[in-house]
Amino acid sequence: MKHFDLKKAIESIIFISRQPVTVDKLAQVFPNTEKTDIRNCLTELVKEWGDLGRGFHLARISDGYQFRTCAEQSEHISNFNKKVKRFRLSKAALEVIAIIAYKQPITRLEVESIRGVDSSGIINALLEKRIIEIKGRKEVIGKPFIYGTTKEFLEVFGLIGLGDLPTLKEIEDISKNLEPRIPTAYED
Amino acid sequence: MSKPTQLLEYSQKSEPCLIKVQLFEGPLDFLLHLIKKNEIDINDIPVAAITEQYIDYLELMKEMNLEIAGGYLVIAADLSLIKSKMLLPKPIIEENEIDPRSDLVKRLIQYQIYKDAASDLVNRHILGRDVFKREADESDPLMEEVEIGRVDLWGLIEAFRDFYKRRSYVWAEGIVYEAEHIKIEDKMQEVLEELGRRQILSLKEFLMECSSKLDLVITFLSLLELIRMQTIHIVQQLPDSSILVRYLGES
């Protein structure tokens, strides 16, 4: 009985929240409940909303849970609400994000040596957008900042964690199949 | 070798004389483009031909008065060096001879992988493009209650820098200002008194009240000190909404 109520309570909390709701946060709201029970409810909710096949579903994002619309609805939503915040990232910005996501923590110079071009403007823009953040300084001459991705990065790209990203090896294999004209020169 | 004129295309839009140039994300991106366009095996790049095309493109950029990023010139130099190394006669053919192109090829392949990783990212269901979450509405009374995001030091410094740049204090040359004596301790007290009355205030409100650069800096420093002491909290409701200062009480 208690379990059933808990599920509805959790569901309603996630419904009104704009940020992904974490298990820890829920544990604070229900101090007398085991975290395992909360997790079980969340797993059931994700499955139930998914099975319903509605216009939105419960998604596991970063370290929390959030209701999100399904991708098929994007056009209708944009037509309905012209003011919705649009995603705007240039190709160059995406390259920098990819490099930082896979090589973090990484300095600006290291990003630039991979891209072969100055990337300071993009890095600053991404810092402002909070997709990346300064994680500290590297213990080398000049003590440059080192950058890494943020929770917002996971939220924007719908990831639970960095482990969700395909490995570079997988990406390499896929692109090998797509572009047989570029054979690989070396193996790890 | 034809000039890469196909890089130019007239925009469909109505703006007069608007020319869209297919610019590359950098020299490596451009090299990859040349390799693909010419259907070259990346492990056997005809350096002389590619270098020629590459330099043609730089010339085109120059003609169009485009600023050529330094990185392009570095790669041009690399290419020329490789080209000359390959032209040198090889007296003895060694077993483990290193191909002068190998470093560049490694970089190109590595870069290609990250480019693919980037396109993998862009194909995901992206928040704000493919999928949406519940949006915050300015007039929503829930706004005040909803858990608000943390602000890191960078966000705070960025806000301060923005403010510092926008606020123009008149500093005339040659005028000696009477030295101001503002102590951080006093400022902290002031901040706390203000917060004691109103609980929550925007960072802007604090900075607006400052009468001089020194005052601005001292105010900022005292806020940092209070954060360190965990007497106040810096929060932000949305990534681009204003940064708020909240009183936590003496602890």
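Chain A holds 9 helices and 6 strands; helices (H or I, at least four residues) and strands (E, at least two) are DSSP runs numbered from the N terminus. The model is predicted, so local features need pLDDT of at least 70 and side-chain atom pairs count only at pLDDT 80 or more, while totals for chains, interfaces and linings use all residues. Residues are numbered from 1 along each chain as its sequence is written, and chains are lettered from A and ligands numbered from 1 in the order in which they are written.

Of the 188 residues in chain A, 29% are buried, a residue being buried if 20 or more other C-beta atoms, placed from the backbone, lie within 10 Å of its own. Two residues are in contact if their C-beta atoms, placed from the backbone, lie within 7 Å. Among contacts in chain A between residues at least 6 apart in sequence, 47% join residues at least 24 apart.

Between the chains, 47 residues of chain B are in contact with 49 residues of chain A. On the chain B side, two or more residues each come from helix 1 (27–37), helix 3 (70–87), helix 4 (102–122) and helix 5 (153–166) of chain B. Helix 4 of chain B gives the most, with 15 residues.

Further along chain B, strand 6 (residues 243–247) pairs with strand 4 (residues 200–202) in the antiparallel sense over 3 bridges; strands pair if DSSP finds at least two bridges between them. B:Ile200 has B:Arg246 in strand 6 of chain B as its bridge partner. Strand 5 (residues 232–236) of chain B also runs antiparallel to strand 6 of chain B, joined by 5 bridges, and here B:Ile232 is the bridge partner of B:Tyr247.

Helix 6 (residues 184–198) and helix 8 (residues 213–228) of chain B have axes that come within 9 Å and cross at roughly 75°. Axes are lines fitted to C-alpha atoms over the stretch in contact, with angles from 0 to 180 degrees between N-to-C directions.

Lastly, a nonpolar core is a set of buried Ala, Val, Leu, Ile, Met, Phe, Trp, Tyr and Cys residues joined through C-beta atoms within 7 Å. The largest has 64 residues, of which A:Val96, A:Ile97, A:Ala98 and A:Ile100 touch the most other members. Helix 5 (residues 91–103) of chain A gives the most to this core, with 9 residues. A second, separate core of 14 residues includes B:Leu195, B:Leu216, B:Ile232 and B:Val245.

Key. A residue is buried if 20 or more other C-beta atoms lie within 10 Å of its own, exposed if 12 or fewer, and partly exposed in between; C-beta atoms are placed from the backbone.
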